[in-house]
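Let's take a walk through this model together. Please have the sequence and the 3D view open side by side.

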Amino acid sequence: MELLALLGKMSLAEKCYQLQQVNSNIFMADENMPITGPEFYLQFDKRYKYEVASVYNSYGAERNIAIQNEFLEKSKNKIPLAFMLDVIHGYRTIYPINLGLASSFDRKLVRECTAMAAKEASVDGIHLTFAPMLDVSRDARWGRCMESCGEDTYLTCEMARESVLGFQGDGGKYTIGASLKHIAGYSAPMSGKDYDSSDISESSLREVYLPPYRSAVDAGVMVAMPAQNVINGVPGNGNSFILKDILRNEWGFDGVCISDYGSIENLVSHGFCENKKEATYEAMNANIDMEMVSTCYINNIEKLLNDGKITMEQVDTAVMRILRLKEKLGLFENPYGSADVEESKRILACPEHREIARRSAEESAVLLKNEGVLPFSPKIKKVAVIGPHADNKKIVGSWWCAYKQDETVTVLEGVKSLLPNAEILCEKGCTLDIEDKDYSQNDKAVALSKAADVVILCVGEDQADSGESNSKAKLTLPSVQKELIKRVSEVNKNTALVLFTGRPLVLTDVEDKVGAILNMYFPGTEGGNAVARLLFGKCSPCGKLTMSFPRNEGQCPIYYNHHRTANLRTDDNKRILYESGYIDSPNSPLYPFGYGLSYSNFEYSDFKLSDNTLTSKDSIVASVKVKNTGNLKAKEIVQLYIRDLVGSLVRPIKELKGFEKIELLPNEEKTVEFVIDENMLKFVKRDLTYGAEEGVFQVFIGKDSRCQPFDQFKFTNKSC
Ligand code: BGC
């Protein structure tokens, strides 16, 4: 049936329920039983149970097919349910958390991972994911930075596009819809505290935070989810400036906007609205179409219509957007999508998917330090795998959907299967509990370390300690873990510290204790195999940090592309009065954005700029020769940065504008080229318009964000 004709048949109540998303557990229950639990509390009218729009958090092909069957059988309008879920970094096969995956700087890999997640989720009956999360994250205290691509806007834009294209594919079998979230400013809450308010100038909002969502819109993302906190005084879920003026009117987004969990009701808790009726008005006015879990819309739309506060056209527009989404997802033709019980058995966690998970964990790993310790020789006889993450299956990070814990490979398991003939000792030592004070647990671990040829010391955060609502004021490792590191490194110099974390940690007081540090983030299902292969040289680490690691919490938020300022201290070792710096800390981070070592070595030479002038009509090329001067085949991520020397608004000290990942054999050399044109120079100017200003721009190419300029060019708007 034509969607408009369908809309015409719907009563007002049915329209309102078509704007509602509920928890799936209200289905497959006895329909004669009264509604209890959250739905009762939320004043859910049972008569319209079979007219709701969508369910979230429902797993399994069998269950989802059964729910859809029951629903369609009993529904009057027979508009299929859309099944939505947070498929954030994998469905059953879990790949690294996004902060890690982005560290691969690998566009193709991101698309491959998201397509794999879509395939697994779709055969289990999921139609749409609440991902990708595209909140540019500059503050390690904020636990949700683990879901993000880190501190850089350009990198996040690139990953946004690849994720949307990966999830949504060609829209056919094995694909799911994607949602950009959380637009905008959610990642910059005061003091890094989740859900707290953000204050962001309009120019920063437009230049730093908004572009990744725009990139997702340009890639055809189907759904948008607002930030659940308050930005510049207005909560994200009632923010008509961001959701209507920018997202819809400026960018032309015509998909569905879904509230975050209970966030329309929260407009009241924020003190932005007096009651749920007013909250409904604000959310409708901000163009939010679907309400997740709270039930302001179904209980207040009619009242607002009667008061003449909203129009029927507004309601119809929201309903039509949802119907169009369902049409796009193909649900009217096939309400089950790719759900298939038999196929799901074959596809979920299949060997090909596990291979992608392993490869992505390897590509995401960042070698932070290596003083000749790694790689370990695979001929080594006695290995000690030590620490609270040594034999821990909980290394997948927050958001794991249908993952099965027993399918995760621990470090111990990975090392055992790689080195079947070695003697492998294992002792956990302390726990991951941040309150753990029992140092005596470390004794046995230290003794084992002493007896081994090499030590793999697996420390870090509990996977439950980063993610939503897990903000931290302290970013150091707990003191029991620090004690373990100190003692183990004293008894065995061949110690490699393997870090599992959802955020940059403060490693200042442990980094000098060990000869090697490998950051795995939370690597997912195949984490243990990836660690073993990396440590024993089956492949070289090649990831680069997507967020700076601070030296101490007082530096947060810390990011490489900060604005230029007068009197900025540039020499960390000299303390000069009236310079912008700390009296008790250097300005620089411990490990900067873009940083990461390799087992091999890369030499950069022949830096060239094809011309020293650029006009709006042409482009110039920056190039560099990169040579693998080490003994191993390895990958390198070559980074291009540009600095606008003078602007109508003060410009960042440099900005990432391009990157290329190359693989080189020992002694092999490649020339990497970056095309620079006017688009790369555009920014949000003082009058808030977007464009490039004439002037001089410095060009940098290097291994990380500390690289220095090698040349500059003059940009002029006129064509020569
Ligand atoms: C989170 C969202 C998530 C939603 C549904 C909220 O608490 O902020 O990111 O998509 O829950 O699970």
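Predicted model: local features only at pLDDT ≥ 70, side-chain atom pairs only at ≥ 80, totals over all residues.

Residues are numbered from 1 along each chain as its sequence is written, and side-chain values use heavy atoms, with hydrogens and water left out.

Around the ligand you will find a shell (residues with a heavy atom within 4 Å) that includes Asp86, Lys181, Met225 and Glu468. The shell divides into five nonpolar, two polar and five charged residues. Look for a polar side-chain atom of Asp86 2.5 Å from a ligand oxygen, and one of Glu468 at 2.9 Å from a ligand oxygen. Of the 310 Å² that the ligand exposes when taken alone, the protein buries 92% (Shrake-Rupley method, 1.4 Å probe).

Now turn to the cores, sets of buried Ala, Val, Leu, Ile, Met, Phe, Trp, Tyr and Cys residues joined through side-chain atoms within 4.5 Å. The largest nonpolar core has 123 residues, and Ile183 is among those touching the most other members. Contacts of Ile183 (heavy atoms within 4.5 Å), beyond four places in sequence, include Met225 and Trp251.

Finally, visit Asn77, in the loop between helix H4 (61-74) and strand S3 (82-85) (DSSP runs of at least four residues for helices and at least two for strands). Asn77 counts as buried because its relative accessibility is 6%, where buried means under 20% with a 1.4 Å probe and protein chains only. Its side chain joins that of Glu14 in a polar contact of 3.0 Å; such a contact is a pair of N or O atoms within 3.5 Å, and within protein one must be able to donate a hydrogen and the other to accept it.

Conventions:
Buried < 20%, exposed > 50% of the residue type's maximum accessible area, 1.4 Å probe, protein only. Nonpolar A, V, L, I, M, F, W, Y, C, P; charged D, E, K, R; others polar.
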